Amino acid sequence: MLAFVLRRLVQAVIVMVVVAFVAFLLFQYVGDPVVFLLGQDAKPEQIRQLRADLGLDRPFFVQFWHFLVNALQGEFGLSLRQGAKVSRLILERLPATLELSIVAAILALAIGLPMGVYAALRRGTFATQTLMALSLLGVSLPTFLIGILLILVFSVWLGWLPSFGRGDTVDLWGWRTGLLTRDGWVHMVLPAITLAVFQLTLIMRLVRSEMLEVLRTDYIKFARARGLSDRTIHFGHALRNTLVPVITITGLQLGSLIAFAIITETVFQWPGMGLLFIQAVVYADIPVMAAYLCLIALIFVTINLIVDLLYFAVDPRLRISVRGGH
């Protein structure tokens with residue numbers, strides 16, 4: 001187990017170094033930060049002085065080494081558009097994105113998993129066919145269109161829910177959260193549903209297909225021959241083995257929720273990292289773009305490591321293979 005974790009950590013470090021290198025290239029080939037800071041009318045002496053102050057006159061790999069050291073400390077310089085430290089901007093927006101993504105993931109898992117199990121155990125019924133048709137619609141519709149339709153129905157026509165913003169927040173040991181206020185939850189409903197629809201339908205279809213495949217295996221037939229109850233077979237044996245690929249997809253989708261909440265945050269003007277990144281792209285704010293890229297990569301690497309460790313708790317075959325040296 002220790003060797004497995006160490007091997008995954010080494011792989012994670014390699015991935016993060018590669019991502020950091022790609023992020024560093026943004027500073028080299030996507031505009032000139034000196035020109036952004038000083039403007040087009042800057043004098044050559046001012047440009048040379050600022051390049052020296054920022055260390056941009058040093059060799060390429062020396063600059064990359066300093067970039068790595070600063071990145072490990074969470075420092076990515078100053079925002080070219082706002083003039084504030086990038087780390088502070090990210091930390092201010094991080095709670096909003098994490099809360100939205102976690103609520104959407106819980107919603108997708110809490111609804112998608114039971115629906116997938118039901119569709120597998122009651123295949124061929126009218127209710128199952130209806131669920132599959134709706135899931136196909138949920139997978140096909142783009143996220144921005146789902147958000148706009150929800151705003152049209154629940155905000156414009158019915159007037160039940162707000163169409164933008166995060167609502168009231170409270171400070172909890174330095175973490176600005178909207179989960180402790182009623183207004184925060186009201187503002188959370190539409191963005192969370194919008195972000196969860198695709199993940200929900202994906203999990204439902206995956207659970208259904210995997211469970212149908214497991215129910216056809218020999219050990220399930222043997223369990224039936226032993227006289228075990230349907231409840232034990234379905235939830236004690238079939239569902240447990242179905243969860244192995246579901247954990248993989250769910251883990252990766254949680255990373256995707258955080259990384260690609262950009263569209264949802266833009267539609268609902270949700271003050272998270274996605275909206276910050278969109279604004280950075282519009283204004284070519286390279287330090288913010290580089291920090292966002294590194295942070296998302298770190299989130300994906302961390303989630304992948306957690307998913308790999310969860311395999312040991314769900315699938316006993318992996319524990320046996322590790323003990324056997326495979």
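**Entry 1: conventions.** I took helices (H or I, at least four residues) and strands (E, at least two) as DSSP runs, numbered from the N terminus. The model I examined is predicted, so I required pLDDT of at least 70 for local features and 80 or more for side-chain atom pairs, while totals for chains, interfaces and linings use all residues. Residues are numbered from 1 along each chain as its sequence is written, and side-chain values use heavy atoms, with hydrogens and water left out.

**Entry 2: the chain as a whole.** I counted 14 helices and two strands in the secondary structure of the chain. Along the principal axes, I found that the C-alpha atoms fill a box of roughly 85 × 60 × 35 Å. I then looked up burial (buried is under 20% relative accessible area, exposed over 50%, partly exposed in between, with a 1.4 Å probe and protein chains only). Of the 326 residues in the chain, 39% are buried.

The place of each charge was NZ of Lys, CZ of Arg, CG of Asp or CD of Glu. The chain has 26 positive and 19 negative side chains, and I recorded 12 Å between the centres of the two sets.

**Entry 3: salt bridges.** My search of the whole structure returned four salt bridges, each being a side-chain nitrogen of Lys or Arg within 4 Å of a carboxyl oxygen of Asp or Glu.

Arg48 and Glu45 meet through their side chains, with an N to O distance of 4.0 Å. Both belong to helix α3 (residues 44-54), and because they are three residues apart there, about one helical turn separates them. I classed Arg48 as exposed, since its relative accessibility is 53%.

Lys85 and Glu75 form another salt bridge, at 3.3 Å from N to O. I located Lys85 and Glu75 in the loop between α4 (60-72) and α5 (86-121), ten residues apart, and the pair links distant parts of the chain. Lys85 is partly exposed because its relative accessible area is 41%. Glu75 is likewise partly exposed, with a value of 26%.

Glu99 pairs with Arg166, and I noted 2.9 Å between their closest N and O atoms. This pair also links distant parts of the chain, as Glu99 sits in helix α5 and Arg166 in the loop between α7 and β1 (170-172), 67 residues apart. I found both Glu99 and Arg166 to be buried.

Entry 4: I placed Leu212 in helix α8 (residues 182-215). Its relative accessibility is 9%, so I counted Leu212 as buried. Leu212 and Leu121 are 91 residues apart in sequence, yet their C-alpha atoms are 8.0 Å apart. Setting aside neighbours within four places in sequence, I found Leu212 in contact with Ala120 and Arg123.

Thr248 lies in helix α10 (residues 230-259) and is partly exposed, at 23% relative accessible area. I recorded 8.1 Å between the C-alpha atoms of Thr248 and Asn304, which are 56 residues apart along the chain.

**Entry 5: two loop residues.** I traced Asp285 to the loop between α12 (273-282) and α13 (286-314). Asp285 is buried because its relative accessible area is 2%. Not counting residues up to four places away in sequence, Asp285 touches Ser79, Leu80, Arg81 and Ala280.

I marked Gln269 for its backbone: it is not a glycine, although its phi is positive, at about 50°. Gln269 occupies the loop between α11 (262-267) and α12, where I found it partly exposed at 43% relative accessible area.

**Entry 6: a nonpolar surface patch.** I found a nonpolar surface patch of about 670 Å², made by Leu149, Leu152, Val156, Trp157, Leu158 and Trp160. Patches are made of residues with over 30% relative accessible area and no salt bridge; like charges are joined within 9 Å, nonpolar side chains (Val, Leu, Ile, Met, Phe, Trp, Tyr) within 5 Å. I classed Trp157 as exposed because its relative accessible area is 59%.

Conventions:
Accessible areas come from the Shrake-Rupley method with a 1.4 Å probe; for residues, only the protein chains shown count as cover. Lys and Arg count as positive and Asp and Glu as negative; His and the chain ends are not counted. Contact means heavy atoms within 4.5 Å.
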